[in-house]
Amino acid sequence: MSGRPQIGATLAVLGAFVLLALAAPAVLETYTLTILLIYGLLAMSLGLVWGFGGILCFGQAAFYGLGAYSYAIAAINLGESTLPFALGILVPFLFAGLLGAMMFYGRLSDVYLGVITLVVTLIFFKFMNSTAGPEYAIGQARLGGFNGIPGYQTLNVPGDPDAYIFGDDFYYLVVAIVLVVYALLRWLLASPFGRVAVAIRENEARVELMGYDARLRKTALFAVGGAVAGLAGTLFASWAEIVTPGLFSLGQSAEIIIWCIVGGLGTLVGPFVGAMLLGYLKFALGQQTLIDNTLVLGLVLVLSVLLLPRGVVPTLGQWVGLARRRRPRRASRRRLRPARGGADG
Amino acid sequence: MDLATVLIVEIFYSIAVLVVISAGLAVVFGMMRVINLAHGEFLMAGGYATIVAVNAGINIYVAMLIVAPLVVGLIGLVVERLVIRHLYGRLVDTMLASWGLSLVMIGLATMIFGNTTTGISPPIAGFAIGGYQINGYNFFIIVVAALLLVAMYALLAGTRAGLVARGTMQRADMAAALGYSPDRVYMVTFFCGSALSGLAGGLLAPLVGLVPTTGGTYIAKAFITVISGGASIIVGLLSSATLFGLVSQLFTFAASPVVGEVALLVAAVVLLRLLPQGITGRFFRGRL
């Protein structure tokens with residue numbers, strides 16, 4: 001992969017995304033679209049860690065929830081959203097860094113990594129659920145146990161606590177954030193750091209023999225993934241106006257993994273599209289009572305593991321690649337538009 | 001003195017529960033390297049099978065010890081044929097497919113039984129030790145867990161079927177060359193693992209209020225116990241269940257049940273950090 005086509009592909013994706021993001025409010029309410037975008041961002045964080053770093057994290061929800069809780073707690077104490085917003089990214093970043101350091105410097109891999117991340121998420125879930133009493137408080141913010149934390153300051157224009165960002169404005173803010181994050185991640189992956197990360201995924205021993213410290217690099221990548229998930233959590237906190245321990249639940253972690261699997265690993269667009277598609281499916285299914293929501297999601301996961309092990313976006317990309325007689329990997333990134341069109345239509 | 005007795009019984013009880021809920025997963029993971037994340041839902045299915053059978057007038061012991069394992073074993077058989085069979089050797093894919101399966105089962109249970117709590121009462125009455133009340137059913141679970149371990153060991157180490165199964169897990173091609181069909185061995189092993197999960201679900205049915213999402217509370221513990229145990233099925237299961245049972249019960253006793261649960265999880269993280277191959281990766285190597 002040379003540098004130039006990547007820039008071209010990235011710009012094409014960004015352009016297509018901007019067009020779709022501007023057109024989408026004609027089809028769906030911006031309120032729904034906003035949460036779909038937040039899911040997309042969350043899926044991208046795992047797509048980065050898992051698809052490019054080869055680190056299967058069962059606990060991406062931990063960073064998501066941590067971001068949301070950090071924001072909510074800081075917002076109650078400070079009453080203005082700029083610093084809480086930064087904390088919502090920083091806290092999960094640091095936590096993911098610590099957890100990653102513990103795991104990767106201990107040379108843990110695959111299943112054991114899965115167990116540890118899962119367990120950490122569960123610890124958060126159990127702990128947050130048990131914090132109903134008034135003795136559990138950080139500053140003025142009571143953790144609230146099962147009921148979560150309501151009634152904090154949502155996002156406002158920096159420096160002006162009364163100028164809330166909500167509704168359409170919030171939607172366009174999230175669109176802009178997704179654009180920036182996507183561009184930054186693409187840049188990260190195109191940098192030497194990103195290339196070595198992919199090399200570690202392919203063959204860790206070989207990369208280490210070449211003199212790179214795989215442990216440090218995996219930890220750093222894991223921390224970046226944690227920061228993006230935390231950002232998604234922060235935005236969620238502002239969107240939902242309440243944070244509950246459900247953010248840390250196994251179901252939430254499962255959903256993120258399903259998004260990535262269905263969308264396709266090894267791309268950033270894939271998980272994003274997967275999250276938007278399945279998020280919308282869940283939303284549509286939530287409006288009927290005939291079939292249980294969980295049942296459908298489970299079926300989607302089973303069938304996609306069995307039939308589409310590479311995910312929707314890479315598979316589509318491969319078909320297009322065959323049709324155009326181009327290299328499938330390049331084509332895959334250009335296939336954003338039809339897949340998402342399906343979600344909106 | 002009374003307190004000490006109660007504490008010891010409780011510790012044995014919590015070890016026994018860990019053994020019971022993890023046994024099915026241990027067989028499937030230890031023998032076949034398949035991580036069945038729908039294990040919790042298999043337990044849930046066993047619980048529902050027991051409750052339905054008891055409500056239909058069947059004796060509760062028959063329901064727990066025979067109906068539940070059979071029903072869940074059959075579910076496992078169907079699952080193995082339809083899904084897992086295609087994914088042997090792909091650890092992560094089996095994990096994900098079985099996770100999807102667990103969601104499907106939760107959805108089905110919600111549609112059939114509704115999102116309400118059901119339960120049956122324990123068949124053995126409690127009794128008092130000094131000033132403390134002890135649940136008589138706890139002893140039953142301890143006894144069943146002990147019998148279960150002995151039976152598993154006897155089956156795997158003492159019978160021809162166990163020998164064939166272990167041989168197939170080590171070298172499937174050799175077993176095939178000697179005339180045993182690995183496909184069939186895998187199928188039977190998965191059936192046995194599922195039946196054990198069903199048994200656990202049946203045994204726990206009188207202790208917990210059953211909801212379709214009950215499985216989630218067990219899967220993590222079972223998963224942790226089995227992975228921390230390491231490669232040896234029975235010794236690994238027993239050693240990690242003992243360690244975690246002890247830790248969680250002592251912390252429950254010293255502080256609160258939530259602290260006990262969290263202590264168990266923290267112990268698991270620390271343990272895996274120190275012994276990344278599980279307990280039997282370092283100690284008791286080569287045992288069954």
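Buried residues account for 50% of the 288 residues in chain B, as computed from a predicted model. Chain B is built from 12 helices and two strands, and the order of these elements along the sequence is α-α-α-α-β-β-α-α-α-α-α-α-α-α. The radius of gyration of chain B is 19 Å, close to the 19 Å that the globule rule gives for 288 residues, so chain B is as compact as a globular protein of that length. Taken along the principal axes, the C-alpha atoms of chain B fill a box of roughly 65 × 45 × 35 Å. When contacts in chain B between residues at least 6 apart in sequence are considered, 75% are found to join residues at least 24 apart.

Within chain B, helix α2 (residues 39-55) packs against helix α9 (residues 215-229), the two axes coming within 7 Å and crossing at roughly 130 degrees. The crossing of α2(B) past α9(B) is right-handed. On the α2(B) side the residues involved are B:H39, B:G40, B:E41, B:L43 and B:M44, and these meet B:G215, B:G216, B:Y218, B:I219 and B:A222 of α9(B). By class, the residues of this contact comprise five nonpolar, four polar and one charged.

Chain A contains 15 helices and four strands. Its radius of gyration is 20 Å, close to the 20 Å given by the globule rule for 345 residues, and chain A is therefore as compact as a globular protein of that length. The C-alpha trace of chain A spans about 65 × 50 × 45 Å along its principal axes, and buried residues make up 51% of the 345 residues in chain A. Of the contacts in chain A with a separation of 6 or more, 74% are accounted for by residues 24 or more positions apart.

A helix pair in chain A is formed by α2 (residues 30-52) and α6 (residues 167-190), which pack at an angle of about 15 degrees with their axes 9 Å apart. Since angles under 35 degrees count as roughly parallel, α2(A) is assigned as roughly parallel to α6(A), and α2(A) passes α6(A) in a left-handed crossing. The residues that α2(A) brings to this contact include A:L33, A:L37, A:I38, A:L41, A:M44, A:L48 and A:F52, while those of α6(A) include A:F170, A:Y171, A:V174, A:V175, A:V178, A:V181, A:L185 and A:L189. Also part of the contact are A:T30, A:T34 and A:G40 from α2(A), together with A:G167 and A:D168 from α6(A). The contact of α2(A) with α6(A) divides by class into 15 nonpolar, four polar and one charged residues.

Between the two chains, 33 residues of chain A are in contact with 34 residues of chain B. On the side of chain A that touches chain B, the elements giving two or more residues are α5 (110-129), α10 (250-263) and α12 (293-307) of chain A. Of these, α5(A) gives the most, with 12 residues. The residues on the side of chain A that touches chain B divide into 25 nonpolar, four polar and four charged.

Terms used:
Residues are numbered from 1 along each chain as its sequence is written. Chains are lettered from A and ligands numbered from 1 in the order in which they are written. This is a predicted model: local features need pLDDT of at least 70, side-chain atom pairs count only at pLDDT 80 or more; totals for chains, interfaces and linings use all residues. The radius of gyration is taken over C-alpha atoms; the globule rule is 2.2 Å times the number of residues to the power 0.38. A residue is buried if 20 or more other C-beta atoms lie within 10 Å of its own, exposed if 12 or fewer, and partly exposed in between; C-beta atoms are placed from the backbone. Two residues are in contact if their C-beta atoms, placed from the backbone, lie within 7 Å. Axes are lines fitted to C-alpha atoms, for helices over the stretch in contact, and angles run from 0 to 180 degrees between N-to-C directions. A crossing is left-handed if the near helix is turned anticlockwise from the far one by less than a right angle, and right-handed if clockwise. Ala, Val, Leu, Ile, Met, Phe, Trp, Tyr, Cys and Pro count as nonpolar, Asp, Glu, Lys and Arg as charged, and the others, Gly among them, as polar. Angles under 35 degrees count as roughly parallel, over 145 as roughly antiparallel, 65 to 115 as roughly perpendicular and the rest as oblique.
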